[in-house]
Amino acid sequence: MDILLGKVKENSPLYKVDARAKVVAILIFIAFTSTLRALPVLGAAAVFMLSLAAAAKITPGIILKRLFWVIPFAGGMIVFFPFIIPGDAVFQLNFGLFILTATDQGISHAVMLSLRVFVAVMAVTLLVSTTKFNEITRALISLKVPTIFVELIEFTIRYIFVLTDEVARMKTARRARNFQNGGSLFCRHTFKTLGNSVAVLFIRSYERGERIYNAMLARCYAGHVRTNEQLSMRTADWCWSLSIAAAGLCLRLVEFGGVVWPTLLK
């Protein structure tokens, strides 16, 4: 699970902060900063998150790994925004059959989206790098998030690693039978073997899921995970959460003031 979520920094000052406080504060901060449009204010939000990450002892390597996960999703939009939003032309790319024209407005939108994504990824990284996964799910349940939604997240993440282990075993078995990959998927033997492997993976996943579910029923599972631990908010927890949420609110007010306040003060 550390491969996907990263190793929790137990020496971080934020590690001992109540998980509910961190979840609520991070969500509020993301909600405020995801609506920002002014680039200087978004830059300030990014600097704030970087400062908080440094205080939480999160290394640049961890941040880069998180950004790598979102590049396939946000990277395409960031690359194409300068060419699909109309506006003042800045430069052109001539590909012979067609010409792409980048606009000033499109570049501004791309930079704005980049900063929004960066701030959101940083905020999520701050949460998952200083909080254990079971504490996050327990905090969500304590915050009255529907149990079915929390368990869906929990089982999905756990089963990713179960299926990864299953694929690794099947790959080892193929090598033990001297299976040699073809040059590409268009090789009939390779395509047939991989197709059979996917089918077997579905069957094994279903059977393993049934075994796990029966094991959970044998341990008195009744649709929700029981815990006897009582959560309590300390003064430090309130201070951390209110500081992060207040920072997001202040940035939103600064941007709002930059547009409206000069008019109101006239």
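Modeller: Here is a walk through that part, followed by a few other spots.

First, the ground rules. This is a predicted model, where local features need pLDDT of at least 70 and side-chain atom pairs count only at pLDDT 80 or more, while totals for chains, interfaces and linings use all residues. Residues are numbered from 1 along each chain as its sequence is written, and side-chain values use heavy atoms, with hydrogens and water left out.

Now the patch. Val 90, Phe 91, Leu 93, Phe 95, Leu 97 and Phe 98 make up a nonpolar patch on the surface, and together they have about 630 Å² of accessible area. That area comes from the Shrake-Rupley method with a 1.4 Å probe, and for residues only the protein chains shown count as cover. To join a patch, a residue needs over 30% relative accessible area and no salt bridge; nonpolar side chains (Val, Leu, Ile, Met, Phe, Trp, Tyr) are joined within 5 Å, like charges within 9 Å. A salt bridge, by the way, is a side-chain nitrogen of Lys or Arg within 4 Å of a carboxyl oxygen of Asp or Glu.

Take Phe 98: you'll find it in the loop between strand 1 (89–94) and strand 2 (99–103). Strands (E, at least two residues) and helices (H or I, at least four) are DSSP runs, numbered from the N terminus. Phe 98 counts as partly exposed because its relative accessibility is 46%; buried means under 20%, exposed over 50%, and partly exposed is in between (1.4 Å probe, protein chains only).

The whole structure holds two aromatic pairs. One of them is Phe 83 with Phe 91, edge-to-face, at 6.2 Å centre to centre and 90° between the planes. Rings of Phe, Tyr and Trp (its six-membered ring) pair if their centres lie within 6.5 Å; planes under 30 degrees apart are stacked, over 60 edge-to-face, and the rest tilted. Phe 83 has 23% relative accessible area, so it is partly exposed.

For contrast, look at Phe 29 in helix 2 (residues 19–33). Phe 29 is buried because its relative accessibility is 0%.
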